[in-house]
Structures are given as C-alpha cells and as structure tokens.
Amino acid sequence: KQCINAEYGKQWYQRRVRGNSRCTKCRGHSGSQPSLTAKLRLLKEPMDLSTIHKKFQKKHYPKLTFFVKDVLRVFSNARQLYSEDSQRGRCADTLERYFVAKLNEFKLRHGLN
C-alpha cells in the first residue's frame with residue numbers, strides 16, 4: 001500500500017509542480033507572463049499548508065522549530081510566486097505577521113525562547 005501511495009504522490013507532484021498544461025503553445029512565448037506552474041518549478045523547497053497539516057497529524061514535528069520552519073517556508077514561497085502588491089502577496093505578508101505574533105505569544109506563555 002505504501003508503494004502505491006508513494007507512486008501516486010510522485011505522479012501528483014509531477015502533474016502539479018512540473019506542469020501538465022494542455023496549452024503548450026503559450027510556454028516560452030516571449031510575450032507571455034510566466035505561469036504559476038513554471039514559477040512553482042523554481043521553488044527549491046515547496047511547502048503548503050496541507051502538507052504541514054499532514055506532517056503534524058503524523059507527528060513529524062519533533063520540535064517546534066521544524067514546524068515553524070515549514071510555515072515560514074510557505075510565506076517565503078509566496079513572496080517568490082506573487083508580487084508584493086498583489087492580493088495574494090499582501091495576504092501572505094499579513095498572515096505571516098499574524099503567525100509570528102502568535103508564535104511569540106506562545107513562546108512567552110510557555111517560557112520558550
């Protein structure tokens with residue numbers, strides 16, 4: 001069963017990140033903007049909230065720092081994918097500030113620093 005899940009994950013990743021676009025004419029066209037799929041390929045460490053949720057449920061975060069690193073990676077990737085003045089870019093910045101503020105509150109409450 002694990003091999004089937006691993007193979008499915010690999011196929012999903014290839015379709016999602018590497019692109020399975022039906023419109024190949026637009027790729028590489030000098031007048032076109034880079035597609036989101038093309039930008040995703042440039043991410044060195046892709047991370048998303050659903051992956052973090054799955055890792056959290058499977059207890060793959062032995063330390064808080066590993067969890068924080070993954071969450072901050074989501075925001076870093078968003079900055080690479082979206083411009084600062086886009087709605088998604090602004091939302092990522094706002095959410096990151098909120099996350100860091102809540103993280104600092106949590107650390108103070110639990111004596112972590």
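Helix α4 covers residues 64-81, 18 residues in total, and spans 26 Å from its first C-alpha to its last, close to the 26 Å expected at 1.5 Å a residue. Keep in mind that this is a predicted model.

Now for the charges. Side chains of opposite charge can pair when their charged atoms come close. The structure has five salt bridges, and a few of them involve α4, so let's walk along the helix.

Start with Asp-70, which pairs with Lys-55 in a salt bridge whose closest N and O atoms are 2.8 Å apart. That joins distant parts of the chain, helix α3 for Lys-55 and helix α4 for Asp-70, 15 residues apart. Asp-70 counts as buried because its relative accessible area is 11%, under the 20% cut-off, whereas Lys-55 is partly exposed at 25%.

Next comes Arg-73, in a salt bridge with Glu-45 at 3.5 Å, N to O. Here helix α4 is linked to the loop between α2 and α3, across 28 residues. Both ends are partly exposed: Arg-73 has a relative accessible area of 22% and Glu-45 one of 40%.

Further along, Arg-79 meets Glu-96 at 2.6 Å, N to O. Arg-79 is partly exposed at 43%, while Glu-96 is buried at 18%. Asp-93 joins in too, linked with Arg-79 and Glu-96 in a network of salt bridges.

Key. Residues numbered from 1 in each chain as written. Predicted model: local features only at pLDDT ≥ 70, side-chain atom pairs only at ≥ 80, totals over all residues. Heavy atoms only, no water. Helix = DSSP H or I, 4+ residues; strand = E, 2+ residues; numbered from the N terminus. Expected span 1.5 Å × (residues − 1). Salt bridge = Lys/Arg side-chain N within 4 Å of Asp/Glu carboxyl O. Buried < 20%, exposed > 50% of the residue type's maximum accessible area, 1.4 Å probe, protein only.
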